[in-house]
Amino acid sequence: QVQLVESGGGLVQAGGSLRLSCAASGRTFSRYTMAWFRQAPGKEREFVAKITWGGGTTYNPGSVKGRFTISADNAKNTVYLQMNSLKPEDTAIYYCAADFRGSPIIKYDYWGQGTQVTVSS
């Protein structure tokens, strides 16, 4: 069984930075796609960014590109989300998700419990 544990959330002022971590444990595989999603109160869950085992990255172009950076440390089975120039509208619960099937068709089978990010104005 795979477990994803997020950490690094918290309260930060607008313009500040946070780095989220997502540690994967259990039955993981080397070919993966891991992603960050977020959900603000009263809103639908939103894709933030993803990274593949080959290092390819994709970002939500409308809301985070240029401010957020996703990266991975394969030796630690950990994915990071560096968030800079944070805005109050970035306030949300951030979730880590993973697909370890190595297929081009992505289906996130595993999800973390979420970590709260609050950005004050």
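These questions and answers walk through a predicted model. Local features need pLDDT of at least 70, side-chain atom pairs count only at pLDDT 80 or more, and totals for chains, interfaces and linings use all residues. Residues are numbered from 1 along each chain as its sequence is written, and side-chain values use heavy atoms, with hydrogens and water left out.

Me: Which residue does a disulfide join to Cys22?
Reply: A disulfide is a pair of cysteine sulfur atoms within 2.5 Å. By this rule the count comes to 1. Its S to S distance is 2.0 Å, and the partner of Cys22 is Cys96.

Me: Why does the pair Cys22 and Cys96 tie together parts that are apart in sequence?
Reply: Strands are DSSP runs (E, at least two residues), numbered from the N terminus. Cys22 lies in strand S3 (residues 18–26) and Cys96 in strand S9 (residues 92–99), so the parts they tie together are 74 residues apart.

Me: Is the disulfide of Cys22 and Cys96 left-handed or right-handed?
Reply: The answer rests on the torsion about the S-S bond. That torsion is about -75°, so the disulfide is left-handed.

Me: Are Cys22 and Cys96 buried or exposed?
Reply: Buried means under 20% relative accessible area, exposed over 50%, partly exposed in between (1.4 Å probe, protein chains only). Both Cys22 and Cys96 are buried.

Conventions: Helices (H or I, at least four residues) and strands (E, at least two) are DSSP runs, numbered from the N terminus.
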